[in-house]
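Have the sequence and the 3D view open as you read.

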Amino acid sequence: MPTEYSLDPTPAERRRLKVRGAIIEAAERVFALEGEAGLSIRRLAEEIDYSPSAIYKYFGSKDELIDELKEAFFERLLTRVGRVSGVDAPFAERGRACVSTYIETAIERPYHYAAAFSHIQAEETAPPRPKDWDAFTQSNKGRAFGVLVAMVQEGQALGIFDPDLDPFMAATSVWSASHGVAQLLTHIPQFPALTPTETPLSASEFIAFHADLVFRGLQRPADARQTDFNPGGQKQ
């Protein structure tokens, strides 16, 4: 006779998840206030009134905690990108929305975004982590990158994007450019308004402009010259 197992977490498991979540939230708060230098297991213990040894039961090292912060950001990003990429809308609209959503998610919680790209190591002598493509694709960061690759491939299949582009290189380039915009908006929020014109762009307008420019840059050379765009973000 088969044994039935309950999928509901036990009280002990619920407590473990609650404590783990509290540690991650505390890490975000400390990072926001004190940056990378202030984030330590001992500092977190002070923040949530736990002993360092208690925190080590959930995270074996500072690196492990940072990895969890990174995954949490990209989990949020995946959720939001999934919403915009899964809607019943023209490909051009969905493609631009994916690029915009990445930047918007980053600047909403800039310190968490910074933590997501932190390379803190618990010890200066810690060896570099191996580059493992399979492990990367299984992470939230890798899955988010996969959405971008799939967007490029879909555009190529539809005959919209340049078929000669390497989808992985194109996705990496888009990610790099969008990361730069996110960093600029985080550190110099007013930079879109620093223009010689009388009608400077807002941050949202600049994000829309960037998303459109990225989209047009991926198009087949002949098609890229046929799309007009005004800086306010409205297609003409």
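## Arg 220 and its contacts

Let's start with a side chain: that of Arg 220 reaches the backbone oxygen of Gly 159 at 2.9 Å. That's a polar contact, meaning a pair of N or O atoms within 3.5 Å; within protein, one must be able to donate a hydrogen and the other to accept it, and residues adjacent in sequence count only if both atoms are side-chain atoms. Before we go on, a word on the source: this is a predicted model, where local features need pLDDT of at least 70 and side-chain atom pairs count only at pLDDT 80 or more, while totals for chains, interfaces and linings use all residues. Residues are numbered from 1 along each chain as its sequence is written, and side-chain values use heavy atoms, with hydrogens and water left out.

So where is Arg 220? You'll find Arg 220 in the loop between helix H10 (203–218) and helix H11 (221–224). Helices here are DSSP runs (H or I, at least four residues), numbered from the N terminus. Leave aside the neighbours within four places in sequence, and Arg 220 is in contact (heavy atoms within 4.5 Å) with Gly 159, Ile 160, Phe 161, Asp 162 and Pro 163. Arg 220 and Asp 162 are 58 residues apart along the chain, yet their C-alpha atoms are separated by 4.1 Å. Arg 220 counts as partly exposed because its relative accessibility is 37%; buried means under 20% relative accessible area, exposed over 50%, partly exposed in between (1.4 Å probe, protein chains only).

## Aromatic rings

How many aromatic pairs does a search of the whole structure find? It finds 16. One of them is Tyr 113 with Phe 117, edge-to-face at 5.0 Å centre to centre and 65° between the planes. Rings of Phe, Tyr and Trp (its six-membered ring) pair if their centres lie within 6.5 Å; planes under 30 degrees apart count as stacked, over 60 as edge-to-face and the rest as tilted. Tyr 113 is buried at 1% relative accessibility, whereas Phe 117 is partly exposed at 24%.

Phe 136 and Phe 145 have ring centres 6.1 Å apart and planes at 55°, so this pair is tilted. Phe 145 is buried, at 7%, and Phe 136 is partly exposed, at 22%.

## Helix H2

Over in helix H2 (residues 41–48), the buried residues are Ile 41, Arg 43, Leu 44, Ala 45 and Ile 48. They pack against helix H1 (11–38), helix H3 (52–56) and helix H4 (62–85). Just after H2, Asp 49 takes a positive phi of about 60°.

Technical notes. Helices (H or I, at least four residues) and strands (E, at least two) are DSSP runs, numbered from the N terminus.
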